[in-house]
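My entries follow the order in which I looked.

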Amino acid sequence: MENNHEHDRHLAELERMNAALEEALKAAEAANEAKSSFLSNMSHDIRTPMNAIIGMTSIALSHIDEKSRVQDCLLKIRTASTHLMSLVNDVLDMSRIDSGRLALNEESFSLADLIHDIAVIVRPQAIQKQQDLQIEIGQIYEENLIGDPLRLRQILVNIIGNAVKYTQEEGKILVRFAQRLVGSGTSEEGKQQDMVLLDFWCEDNGIGMDEEFLQKIFIPFERVNSSTISKIEGTGLGMAIVKNLVDRMGGSIDVESKEGMGSNFHIEMPMTVEVQSRKGLELPAGSSVLLVESLPHRVEMISDYLEEAGLEPVHKDSGLDVVTWLTEAQYENRMPCAMLLGQELEDMPVLELAAHVRQSAGPGFPILLVSEEDWAQIEYRAVRSGVDAFVPCPLFKSRLLETLSALLNGRRTEEGSAGAMDVDYSDYRILLVEDIELNQEIAVEMLSVTGVQVEVADNGAQAVEMFEASEQGYYDLVLMDIQMPVMDGYEATRRIRALSREDAGSIWIVAMTANAFVEDIRLSREAGMNEHCAKPIDPERLQDILRNRFNV
Ligand code: ADP
């Protein structure tokens with residue numbers, strides 16, 4: 001009897017173990033399957049841009065004298081390389097997340113800049129698919145926040161990018177940002193900090209996902225396996241990365257979706273408010289500003305912004321009213337300090353009105369244009385019609401008031417005065433430390449447009465020798481690769497810093513490396529480097545570094 005009981009217990013135990021093993025086997029098989037389908041997808045995804053790069057290079061070489069043909073090939077090569085780069089970055093991010101090596105940055109950033117950057121990145125893709133992409137902001141209490149803006153941008157671009165990718169041509173995508181005040185929280189060091197909750201919604205009417213897939217959307221390598229989308233490029237890593245980043249930042253993400261109807265993503269993210277004095281605004285308190293706008297919600301928003309800054313908005317919504325009102329104001333010597341032009345009016349195009357006002361009010365009267373359109377597209381016409389400055393949408397209080405203040409105080413806005421940068425650094429000398437010949441060539445070429453003198457070292461050891469043998473102050477800047485044979489960039493930097501000569505401590509050393517993550521930046525700082533520039537080198541970033549260093 002006793003024995004029977006024992007036997008049953010054993011049997012039950014064995015069955016339980018069996019079930020557990022089976023479960024584990026299933027999980028391992030599923031993981032394996034996901035990994036091997038990832039590998040085969042990946043090799044396909046990598047091969048596609050690689051084929052384009054190799055093919056286009058051959059075509060360019062065989063038509064080397066036909067400028068437009070070569071140019072066309074190069075543009076295609078650039079697109080394919082950018083895509084390839086993003087694939088590699090996704091895979092690297094995922095492996096960092098897997099191994100717990102992903103570090104988040106803590107820096108101050110402007111929400112307005114971040115949202116405008118995102119719009120610049122995603123708009124062209126939506127325009128290409130003739131989609132109606134709206135980016136709106138609701139109540140924003142704090143624009144200056146602390147966090148990791150690059151990772152936040154990655155999250156948002158990924159979600160909006162997917163909405164564009166998985167929505168048919170002429171589809172609709174609505175993106176919305178708002179904030180809620182949540183009082184204060186305590187930082188890791190125990191400091192009291194003001195916090196806001198950032199809400200982000202992205203709604204599309206695209207192909208959507210079914211219930212079953214929605215359960216798996218945040219699992220790495222998972223993609224909807226339908227033939228409709230099999231032609232869409234992707235790795236199935238984006239959403240897993242997004243989910244991980246959102247969790248790491250203490251936020252939450254929800255998805256609702258219906259197959260064939262569309263998807264709706266919502267992120268809620270607590271953010272620390274930056275305590276800093278506001279940029280010095282010089283606005284003439286009590287002066288009136290003529291606000292010409294036909295959309296009621298925008299009239300309300302802009303009026304609030306202006307009133308908060310101590311100005312008095314005078315609202316008009318037709319061109320004719322504006323002309324009559326301004327004529328009287330001019331006659332009675334009570335001109336407003338500026339005119340803000342918004343959306344199209346019923347009775348005349350806004351730029352026509354701008355031209356009219358410019359003519360009657362004279363060249364000194366400030367005219368600002370608030371527009372959804374890309375400034376580069378309308379700049380020529382707008383400036384010719386007499387517009388002085390441009391404020392982009394979604395409309396942030398800081399942007400509006402800073403632009404107005406700059407204009408009233410005689411400075412032109414960034415957008416308004418953006419022109420080609422003519423620099424001449426021929427008095428400066430750079431030591432470029434890079435082991436790969438092709439990379440040397442690329443860097444030298446990028447630097448050559450500035451006229452700067454460049455000397456090249458093939459590895460860290462050679463760099464230290466060249467620096468040691470040079471006269472005091474001979475080099476103005478060192479661009480240092482990290483991974484090199486003989487001696488790496490960290491070691492070379494430490495050795496240069498340890499030399500007993502005056503410029504050993506002061507020479508600017510900029511890390512130039514494919515590792516662009518927070519911990520790599522920390523390592524390069526610890527080795528004694530001043531700045532960090534990720535590879536592949538972005539010419540604009542390189543120019544920024546030179547401009548900073550040479551102070552011109
Ligand atoms: P991928 O590189 O495949 O785009 P993601 O991880 O970004 O990978 O997304 C995983 C999958 O989730 C996509 O392949 C797609 O099937 C589905 N998906 C993501 N966003 C959307 C969306 N807005 N509409 C429909 N399907 C989506």
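**Ground rules.** I am working with a predicted model, in which local features need pLDDT of at least 70, side-chain atom pairs count only at pLDDT 80 or more, and totals for chains, interfaces and linings use all residues. Residues are numbered from 1 along each chain as its sequence is written, and side-chain values use heavy atoms, with hydrogens and water left out.

Next I looked for N or O pairs within 3.5 Å. A ligand nitrogen lies 2.9 Å from an N or O atom in the side chain of aspartate 204. A ligand nitrogen is also 3.2 Å from a side-chain N or O atom of serine 263. At glycine 238 a polar backbone atom is 3.1 Å from a ligand oxygen. On its own the ligand has 530 Å² of accessible area, and the protein covers 98% of that; the areas are Shrake-Rupley values with a 1.4 Å probe.

**Cores.** I took a nonpolar core as buried Ala, Val, Leu, Ile, Met, Phe, Trp, Tyr and Cys residues joined through side-chain atoms within 4.5 Å. Buried is under 20% relative accessible area, exposed is over 50%, and partly exposed is in between (1.4 Å probe, protein chains only). The largest core holds 75 residues, with Ile155 and Ile159 making the most contacts inside it. Helix H3 (residues 111-128) supplies its largest share, eight residues. A separate second core has 25 residues, including Val292, Leu326, Met339 and Val357.

**Helix H14.** Which residues of H14 (residues 460-469) are buried? I find Gly460, Ala461, Ala463, Val464 and Phe467. They lie on the same side of H14, because they cover an arc of only 160° around the axis, taken from the directions from the axis to the C-beta atoms. Exposed Glu465 and Ala469 are on the face turned away from the buried side. Asparagine 459 caps the N-terminal end of H14, with a side-chain oxygen 2.9 Å from the backbone nitrogen of alanine 461.

Methods:
Helix = DSSP H or I, 4+ residues; strand = E, 2+ residues; numbered from the N terminus. Polar contact = N/O pair within 3.5 Å; in protein donor to acceptor, adjacent residues only side chain to side chain.
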